[in-house]
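Q: I have a model open and want to learn how to read it. Can we start with the strands?

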Amino acid sequence: MNAIILYLAVVGCIAGWWLSRQRLMSKPWLEVGVPAEVTRGEVPGVPPVKLGLWVFMAVVGALITLFISAYLMRMHMADDWRSIPTPSMLWFNTGLLMLSSFSLYRAELDARIGWREGIAVGLAAGGLSALAFLAGQYLAWQQVMAEGFGVATNPSSSFFYLITAVHGLHLIGGLIVLGRTAYRTARGSPLAQLRLSTELCATYWHFLLLVWFALFALLLHG
Amino acid sequence: MSIASDPMTGIPAAEVEDVELYHPHSWITKYVFSQDAKVIGIQYSLTATAIGLVALVLSWLMRLQLGFPGVFDFITPAEYYQFITMHGMIMVVYLLTALFLGGFGNYLIPLMVGARDMVFPYANMLSYWIYLLAVLILAASFFAPGGPTGAGWTLYPPQSILTGTPGGQDWGILLMLSSLMLFIIGFTMGGLNYVVTVLQARTRGMTLMRMPLTVWSIFTATVMALLAFPALFVSCVMLMLDRLLGTSFFMPALVEMGQRLNHEGGSPLLFQHLFWFFGHPEVYIVALPAFGIVSDLISTHARRNIFGYRQMVWAIIIIGALSFVVWAHHMYVSGMNPYFGFFFATTTLIIAVPTAIKVYNWLLTLWRGDIHLTIPMLFALAFIVTFVNGGLTGLFLGNVVVDVPLSDTMFVVAHFHMVMGVAPIFVIFGAIYHWYPKITGRMLNEAMGRFHFWVSFLGAYLIFFPMHYIGLLGVPRRYHEIGEAAFVPASAHDLNAFITVMALIVGFAQMVFLFNLAWSLRHGREAGPNPWNATTLEWQTPETPPGHGNWGKAMPVVYRWAYDYSVPGAARDFIPQNEPPRGPAG
Amino acid sequence: MPVAIALIAVAVGSILFHLLSPWWWTPIASNWTYIDDTLIVTFWITGVVFTAVVLFMSYCVLRFRHRPGHKAEHEPENKKLEWWLTIGTAVGVAAMLAPGLIVWQRFITVPPDATEIEIVGQQWQWSYRLPGRDGRLGTVNVRFVGPENPLGIDPADPSGQDDVIVEGGELQLPIGRPVHVRLRAVDVLHNFYVPEFRAKMDMVPGQVTSFWLTPTRTGTFEAICAELCGLGHAVMRARVVVAEPPDYEAWLEQQPTFVRRLAAAQ
C-alpha cells in the first residue's frame, strides 16, 4: 500500500496548501460584513468544469495508484511471479499516445489564437492517433497471448491485461468527449466554448499519457 | 458596499457566474428525470429508505433466528448468511452513504452555500439513476439462482467465491460486485458535484469559515469517499476476475472439499488491505456528515453558537486525513505482519483525540445554552449518548492486544452498530424532523415523533448495550446459532431472546415514523419559512419549499457566520446569515 | 425533565448492568492475564468518561432547558478549556495505549523454548499436527494434499515422517509449557478460538500464521471458528484438553504418525 499512501500524501499536501490559504485560523464570529466588493466576471475564478476535471483526475489517479499498489504487493507477496515478455508493440504505442497528446496540445494553442482549422486538425490528429494507440494495445495483447500468457496464466499477465484495459477504457471515455468537441468545432460553436473544451481534452490527454508512462514503467519493472 | 474597517478585505469571494439553470418543461423532466438537486436529493433519500427497509426486515429475521434458535426453521444457515451479508452491505453503503451524501448532500449543499443548483446538474441526475440501477441489481440477487451472496459484507475471498458459501459459485457474488461497481461510478458523478459546488458556487460573502458544519462535513466526507471508493472498486474488479476468469489475484493454491483448484499464489490478505483501505474511511464517510449535521441541530435548538467552531472544522479535516492511515486495525488478527499492529493501534487511538474534542464541543454548546427539547434536539442528545458509548468501545477494539480476544465476537457487532449504525441513524432522524418543514412546508407530527424517539432511543440502547457482554463471553459473530457451548450460560440465551424482542419493538417504531412522514405531508401543521428560527441560508429562501433555482431573482449575500445565536444586544436570539449588519456602513 | 431522568437512567443503568450482569468473560486458562488487565484498565477509563459525559448532559438539560426569559450565553470558544480537555484526553488515551502496546510486544514475541504445534482448518473441521520424537514439523505443500495425506506433508521430508496427525478429534496440550501454534488453512479463512485462552489468529490459505500461549489450567475447553468460513461456520467446533504432562504423553503415544497413516492406507 506504499504507492497509494504516497499518492494520498501528495494529494494531501495540495489540499493542505489550499486550505492554508483559506484563513482557517480566522475567527468568523468577529467578522461581519461582505468582503471587498466583487462584481461578477472579475473573479479570476476557475470554471467549475475545469475544477471538476481536476478532481476527477485525482480520483482516477487514486484508482490507478491502487492498481499499482495491488500489482506491487501481489508481485512481492508470493514467489510465483513470472515476468511477461514486454511486447515491442508497447514502445510504438507509447509513441502514438505521445503524438496524440502533442496534437491536442497544438489544438489547444490554436484555440487560444482562435484558428479554427488548426483546432479541427489537432483534434482529428489527436483522436486518430488515440484510436491507433488502442488498436496497438490490442495487438500487444495478441503478442502477449501468442507468447502463451493468457489472462489467468500468471498474475503478471493478469495484471497486464487488467491495467491496460483500465487505461484503455479511460481513453475511450476521453474519446467520447473529444468526439463531442470535434462535432462542436465542425458546427462552428463559439470560440470561447471551444477553447475550454479543447483545453480540457488536452489536459485529460496529458494526464492519461502520464498514467501510461507510470503503467508502462510498472510493466517493465514486473 | 465597502467596509474599510473590515478585517476580511482581500478574501476572494468564491462567487462565480450564475449556473445556467436547466429548466424542466414537463412533469417527467421535473420530477422523474430531474436535474434539480433538491429533487435528486429526495429521490436518493426515498430509494435509500426503501432498500433500507429491506435491510431492516432482514435484521428482524436474523434476530428471530438468534433469539429463538430452532423455532423458525424456515431460516436455514444459508439464508441466515445471506441475510447478514445483505443487511450489512445495504445499511453501510446503500442506505447510510447514499442518504448522507446523495440525500442530504444534494438537498442541503446548494441551499446552504447559496447556490442555485449543483454545478453539473446532468451528471447529478445520472448519478441518481446509476445508483437506482445499482440498488435494483442488488435487490435482484434475491431472485437470482442461488440467491444473494452470503459471504458477509466484507466479501473476504477465498470463501466469497467458493461453493461453501451461498452465492459463491452462483449469481449472488457477481450481482453484488457489479452493483457495488455501479454504485461507485454513480457516486463519483455525484461526488464531483458536491465538491465543486462547495468550492466554486458559494454565494457572495460565503467564505469557507462561514459555512455551516453540515457543509464542511459533507464536503470532507465526499472528498474522502472519492479517494476511498476506488479501493473498493479495485477489489471488486479483481475479485470478479478471480471468480470469472480464474485469475489468482486473491486466490492462493487451495483444496476445496477435496478438490484442488486452479489458483496459485494469490493473497487473501491483499484483498483485506484493499477492502479496508476503503472500509475504514467509509466509517468516517458515514460519521462525518452525522457530526456536521448534529452540530447544527444542537446549535440551533440550544439557541447557542456552536462552541469552538474552528476546532470543529480542524477536527473534521484531521479526522478525515487520519482515517486513511488506520485501516489495518480491522486486521489485527488477520495474520498480517504483527509489527503493523504497533503503528495502526497508535494511529487509531490518536484519532480518538480530535473525535473527543468534537464531543466536548457539543457538550459545551449545550452548557449555558437555552435548550429547546424539540425532537431534533432529542435525537441529537440520543446521538451523543450512543456515539460516545460506541466510540469508547472502539478504544477496546483499536488497542491491538485488547482486540485479540474480542475481534469477531458479538462485542464488535455491538460496537459498530452503536457507533456507525444507531448513532448516525439518530442524526438522520433528527435531521429529517429538522428539515422536513423546509422540504414539505409542514411540520412532522409531534406526538408520533416523541413516541418514535423514546422507543428508538431506549430500545436501541437496550439492544446493543447488553450485546457487548454476549461478546465478552466469547460468542462469535456470524453464527446462525451458538447452540450448546460450555462457555455460554443458559442465561445468555434469555438475553438473546430479550434483544430480539427489543429489536422487533424498535422496528415497529420505525413504521410509526414512516407513517408520520406520509401523514404529515397533508395533515402536518403549516411550518412557515423558518419554524426553528435558524440562521443558515436554507431557511431564508423566498419560497417554502424552495422553488426551482432556490433564490428567486436575487442571490443571497452572506454577512456573517452560521452561528449567530443569542448574540448580546441583538433584537432576536438569532441573526440570519444574510442579514446585513446594522450601523453606519450597512 | 423526563429527558434528564432518562439520561441519568442510562448512565446508572449501564453501570449497574456492568456490575451485576452474570455475563462476563470466561475464567482464563492461559498466560494472557495481561490482556485481561489491559481490558480492565480500558473499562475503567472509558466507563468514567461515559458516565461523566452522560451525567453532564443530563445536568445541562436540567439546568439550561428553555424557560421563559432564559437566554443562552454567546461564547464562541474557550481556548484554555479546550487545551485542558485535549491534554486530558491525550493522557487517557496514552494510559490505554501504552500497556496495550507493551502487551502486544509480548504477544508477538514467541519464547525460544516453545513447542511448535500446528492447527489446520478446513471446511468444516480442525486437524492438528504435533512434532514426533525429533521435535520438528515436516514441510508441507498443498500439492501433496490427498485422502491419505489431508495436511499435505511432504512425503520426502524426513522430519515429517514421525509427525503426529490428529484429524477432527480433540487436541491435548500439556499444562505449563509454552506452545507456539502455527496455523494453516487448506481452503478458506478460519480462526481457531478458545475463549479461555484469549489468544487467537486467523488461518489464511497460502500462508502460515501463528500465536503462542502457555496453558495454565487443566480442563476441557471448547474451540470454535471465529472467522466466517461458509455454511458450516457455526458447527466447526473442537475440544481442547489441557492435561498434566504424564497424561499428555500417554495421549500422544496413542496418536498415529504420518508414516503409520500412509502404511495403513496402503
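Q: In what order do the five strands of the open sheet in chain C lie?
A: Strands here are DSSP runs of at least two E residues, helices are H or I runs of at least four, and both are numbered from the N terminus. Two strands pair if DSSP finds at least two bridges between them. In chain C the order is E4-E10-E9-E6-E7, with mixed pairing. This is a predicted model: local features need pLDDT of at least 70, side-chain atom pairs count only at pLDDT 80 or more, and totals for chains, interfaces and linings use all residues. Residues are numbered from 1 along each chain as its sequence is written, and chains are lettered from A and ligands numbered from 1 in the order in which they are written.

Q: Which strands of chain C stand at the edges?
A: E4 (171-174) and E7 (202-203) of chain C do. Each has a single partner strand, so one side of each lacks a neighbour in the sheet.

Q: How many bridges join E4(C) to E10 of chain C?
A: Four, and the two strands run parallel. E10 of chain C spans residues 238-243. One pair of bridge partners is Leu173(C) and Val242(C), the latter in E10(C).

Q: What separates the C-alpha atoms of Ile108(C) and Phe211(C)?
A: 7.1 Å, although the two residues are 103 apart along the chain.
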